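Let's walk through this structure together, one question at a time. Keep the picture in view as you read.

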Amino acid sequence: MKQLSIFLENKQGTLVQVLNLLKEANIQIIASTVADTAEYGIYRIICDQTEQAYLILKENGIAVNLTEVSCIELDDTPGSAANAISQLVEQGINIAYLYSFLFNGKGMLVYRTR
C-alpha cells in the first residue's frame, strides 16, 4: 500500500491548504495521522487516488513523498492489534511507526518497518 507523507511547517493554514487541494480534486482521505516537532509536522495520508494526490501536491509546491507501507486487516475485537503486533515482533520485524483505522467494519493496522 502507498501512503503520502506530507511535510508541513508548523504555522497556521498549512494543513488546510493541503486539505483544500485534495478536496478540489475530489480525493477522499481514508485515514490520516499527524506527527509533529517544533518546526514541522508530518501528515501521513491513505487516500483513494494516491498517485493523483501526489502529483497535485507536488505541482502546488507541497513537500510530499510516496511511501510504501504495510497494512494488516484485523477483526474489530479487543486484542486484535496486540496479537498482530506480537506476531510481527516474533518474526523480528522492527516497526518504525503505525496507526490504525476502521474501514468497512474491519480494523486496519498500517505500519512501516525500519
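Q: In what order do the three strands of the open sheet sit?
A: This is a predicted model, where local features need pLDDT of at least 70, side-chain atom pairs count only at pLDDT 80 or more, and totals for chains, interfaces and linings use all residues. Residues are numbered from 1 along each chain as its sequence is written, and side-chain values use heavy atoms, with hydrogens and water left out. Strands here are DSSP runs of E, at least two residues long, and helices are runs of H or I, at least four long, numbered from the N terminus. Pairing, which takes at least two DSSP bridges between two strands, is antiparallel in this sheet, and the order is β5-β7-β6.

Q: Which strands are the edge strands of that sheet?
A: Look for strands that pair on one side only. The twist from one strand to the next averages 20°, with axes being lines fitted to C-alpha atoms (for helices, over the stretch in contact) and angles running from 0 to 180 degrees between N-to-C directions. The edges are β5 (70-74) and β6 (95-103).

Q: Which residue in β7 is the bridge partner of leucine 98?
A: Strands of a sheet pair through backbone hydrogen bonds, either parallel or antiparallel. Here β6 and β7 (residues 106-113) run antiparallel, joined by eight bridges. In β7, the partner of leucine 98 is tyrosine 111.

Q: At about what angle to β5 does helix α3 run?
A: Helix α3 covers residues 80-90 and lies across β5, β6 and β7. Its direction relative to β5 is about 135°.

Q: Which residues of helix α1 are buried?
A: Buried means under 20% relative accessible area, exposed means over 50%, and partly exposed is in between (1.4 Å probe, protein chains only). On the face of α1 turned away from its buried side, you'll find the exposed Lys23 and Glu24. In helix α1 (residues 14-24), the buried ones are Thr14, Val18, Leu21 and Leu22.

Q: Why do the buried residues of α1 line one face of the helix?
A: An α-helix has 3.6 residues a turn, so residues three or four places apart point the same way. The arc is taken from the directions from the helix axis to the C-beta atoms. Seen down the axis of α1, the buried residues line one face because they fall within an arc of 95°.

Q: Which residues of α2 are buried, and what is their arc?
A: Elements covering the buried side of α2 include β1, α1, β3 and β4 (63-68). The buried residues are Thr50, Ala53, Ile56 and Leu57. Viewed down the axis of α2, they line one face, so the arc they fall within is 130°.

Q: How many residues does the largest nonpolar core have?
A: A nonpolar core is a set of buried Ala, Val, Leu, Ile, Met, Phe, Trp, Tyr and Cys residues joined through side-chain atoms within 4.5 Å. Leu4, Ile6, Val18, Leu22, Ile27, Ile45 and Leu57 have the most contacts inside the largest one. Its size is 16 residues.

Key: Contact means heavy atoms within 4.5 Å.
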